[in-house]
Amino acid sequence: MKQVTLFKHVSASLNVYRWITAFMTAIIVSVLFSGLFFNYKINSDKKIISALSPYLSTLVVSSDRPELMRVLKSVSSNAQSQLVLIQDDMVLASTRGLEELDRSFVWPSSQVQVLGATISGHSLFISEDIKSPNQNIGAASVVMISDLSQILWVTLAIFCSILFLSFGASLFLSYRTQKTIKKALAPLEQLQSDIKSLIDGKEIETSPLMIAELEDIRNTVAQTKNKLDNAKDKLAEVKAKKLSAEAYKSLIHDLHNPVAALRQMVSLSQDETVDAETKTEAMNSLPRITDQILNQVTAAKKNLEENVVALRELNIIECVKDSVNQIKALESSKKLLIDYNADQILVPHDPNLLKRALNNLIENGLEAANSEVMVSVKNKDRHISIFVSDDGQGMDESLIPIYFQGRGQSGKANRQALGLSSTNHIVKSHGGKLIYRKNQHGGSSFEIRLEAL
Amino acid sequence: MNFKKQLVLLVFAVGTIVPLSLVAQEKPYIYVKSIYSMPLTLDPIQMSDVASIAVGNLIYDGLLKFSPELELEGALAESWFTSKDGKVISFKLRGQAVFHSGEPVTAEDVKASLTRAMSNKSKVKNLYSSIKEIKIKDDKNIDVILKKPFPPFLSVLAGSTAKILPKTLINNKSFFDQPIGSGAFTLENIDKQKKEISLNAFSSYYLGQPKIAKMLLKETTEEVAVQLAKAEELHDLSIWPLTENNNVFSFGQKISSPVASTWIIGINTTKPPFNDLKIRQLFKNQIPTEKFRIKFYPDAIKANGYIPNGLVGSDIDFSVNTSNIKPPKTKVTLIIPKELSRTDEMKEFFETSMKQQGWNLEVKTMEWSQLMKGYANKSLQSFLVSMNMDYPDADFLLKNFESSNSDNFSSLKNKEIDSLLKKSRETQDRKEREQLNKKALSLIEESAVTVNLFYPRANYWISKCVQNLKPNMLSEVYIDYSKVALDENCLAKKLVSK
């Protein structure tokens, strides 16, 4: 469904009613006007004829046609109507032309009687009898014929004017209504903004909403958010504890082999039955194995002490972007590309630790790469994967577990390679996995795989 | 067709069409109007026949005129004002009014013309008998002072006799051979042989140059007029009393209007047997007026009285019992105008119907000019005429029966009628005048000097190419031809189609 603005929605909803209202108003007013005018015209014309009747009857008695014509002509020009004086059905005088005189007056064939008057075509016929109190003048009457065109045109003009005004008033009202609604919705919009701010983790509008119910809703949302945050923090804490216990378990697990190896070498060094060479080799490997164990414990201790995870449900894309931008600012000799298929992927993570892990991977990648490193984020059904791939030589896959455990030797300096171990620990702290494989170009591709929500 | 032949044809076509179109463009169209008789006179104060009045109204103008609805309008007078006592009427003349000679119309001309109308040589002096004095105030302002207020006087000044003529020329003996007026048209020529009168539009007419550039008045009979109209050689038959079902209306335009006219059979009380009142009354009762109307003029209106319909005095209700009177054996002659159509039928009709009632009636047709002579010298026993009004007031027709009026065709002498008319002229009260006139009319009816046949309805035939012709309720002679026009496109099409 297409979204429309509030005004358009209100306007569209009111459209039909606007037209109907405007039409009905225009019709009612114009009909009322024409009815009133019509009634006034009929009464006025009848009064004119009645007022003239005594004088006209005198002239009819005298058969004074020239004077009758003169009087009728005068009334006609003032009343803007035609007048015909009929006596015994014959036209005695008329302002419509001489042709009609001394002929029978012909009423129009199609006529409608309204309020005591006759309408035919666009003419109004009003007839009043003339009576002489003293003499018999036969059946004498005056017919006043008015052109209704003017009334019709005026009625039409009024109709159009009222239609236009009603429509305009309706538009104005809907505009005012829209403004009022907008004003009324301001608290809702404020509420919406505050809720959005809460979601985005920003500061909310401190001024209370003017609608009490909405203020209650805002407070409830804020409290719910706080509780949710607290619950998340607690969950994160619980998870962190769980992950910490997992890390310890993992350390113990990882230590099993080297400790077992140490035991073996000690046993060999003390076994009388073993030849001297074997004894010597066993004796010589003891320090190395011990160092390895010590390194692993040191790395694990470092990880556990320094990399205390605080999980929060945040947009992991932002975290990846920050990391990439950070590295880009420092290193620009090789290409560092980023690829992601969504603007927002909410994943519980500790952005600081994850950035550290990513920075480590990216720095390693840039060091190992020939020309470019690609950082991509993929949102899959059950997990989110962050890939850091380079186009370098790649690593010996058999050594990867050693590096992940912190027993590996750094290729850069004569010291322990703790980066990958730290990264691995951080990923594990998130409940995820750090996976290595060689990519199609032969370079390294590390995948941080985190559980999806 | 080879090239040479095509070229010849083209030249022929161009040679035919171009001159036609040039003729159509250059030669102004002539408006041809039928009249039933050449005018008997062009002197306004001698006119009593329709033909003369019709021509006079084209050439001359008066101070006032009648609108189509019989309202008084200013003609040469720009404005007028009647004093409270009704005795002084002040006129202001239009500044732009000029005679056909180019001379301006002045108050001097007005005074000279009205004075002439009042003179003894005027046939219509009775109309102006109320004038006491005419005072010139300046070139354009003049007062007419009446002896007593006479309500119809302004109507008299709008009539056909009150025309203003140039003072400096009016006394020339040959003036009326080529008269000069201030009307819409100037007289170009009177061809007595062809019986045609040519008129030209007066370019300086104060209401603007008439749209008809040239007009030809052609004397014809009604039947000939209709034939010429069908042949599109005539544009105007308004002088003829056509019925609305006349087949001439199947082409052209019909303009219909009532007119202030009554068709009557006038009866001369000096000619036996009509010197007997009872015989006259019997004759009046026994003429089948309704049958005559229905048979010959079905769209006319039944006549209630002598005064035309729609005018004060037209609804006189009078009857007299003649059941115990017998028709005389003396021959009665009824004259009808020869120029009317169906005169043979009319003759047959009247003779047969009256014979059936015991009358010895002979109907004769007579040329109009002869009939008018007989009317004027009162030599006719009875005659059929249309009594038209020069102004819409009963007084105009009533004065015909004044004992002192030389125009009294019936020679009726009734002192009571004379007295009533005198009183009527002297009162300004409308109602009182009406009552006095009605009384006089009743007496006239009682005197049976007229058989009132019908009130005609004017059905004017005009060509489809004629525009703006508006009928006048008084008479067709008052149609304002200064506004009438010929549609040149219409005429050009007719020319091309011929």
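**A tour of chains A and B**

The link of Cys465(B) and Cys490(B) is left-handed, with -65 degrees about the S-S bond. Select both residues to start. Their sulfurs sit 1.9 Å apart in a disulfide, a term used here for a pair of cysteine sulfur atoms within 2.5 Å. By this rule, the count over all chains is 1 disulfide. A disulfide is a covalent bond between the sulfur atoms of two cysteines.

Before moving on, note that this is a predicted model: local features need pLDDT of at least 70, side-chain atom pairs count only at pLDDT 80 or more, and totals for chains, interfaces and linings use all residues. Residues are numbered from 1 along each chain as its sequence is written, chains are lettered from A and ligands numbered from 1 in the order in which they are written, and side-chain values use heavy atoms, with hydrogens and water left out.

**Around the disulfide**

Helices (H or I, at least four residues) and strands (E, at least two) are DSSP runs, numbered from the N terminus. Buried means under 20% relative accessible area, exposed over 50%, partly exposed in between (1.4 Å probe, protein chains only).

**The four-stranded sheet**

Next, select β4, β5, β6 and β7 of chain B. They form an open sheet of 4 strands in the order β4-β5-β7-β6, with antiparallel pairing. Two strands pair if DSSP finds at least two bridges between them. β4 (77-82) and β6 (131-138) of chain B each have a single partner strand, so one side of each lacks a neighbour in the sheet. Neighbouring strands are turned by 20 degrees against each other on average, direction ignored.

Zoom in on β5 (residues 88-93) and β7 (residues 141-146) of chain B: 5 bridges join these antiparallel strands. Phe91(B) has Ile142(B) as its bridge partner in β7(B).

Axes are lines fitted to C-alpha atoms, for helices over the stretch in contact, and angles run from 0 to 180 degrees between N-to-C directions.

**Across to chain A**

Show chain A: 9 helices and 13 strands. Of its 453 residues, 41% count as buried. Select Cys319(A), which is buried at a relative accessible area of 3%. Then select Cys160(A), which counts as partly exposed because its relative accessibility is 41%.
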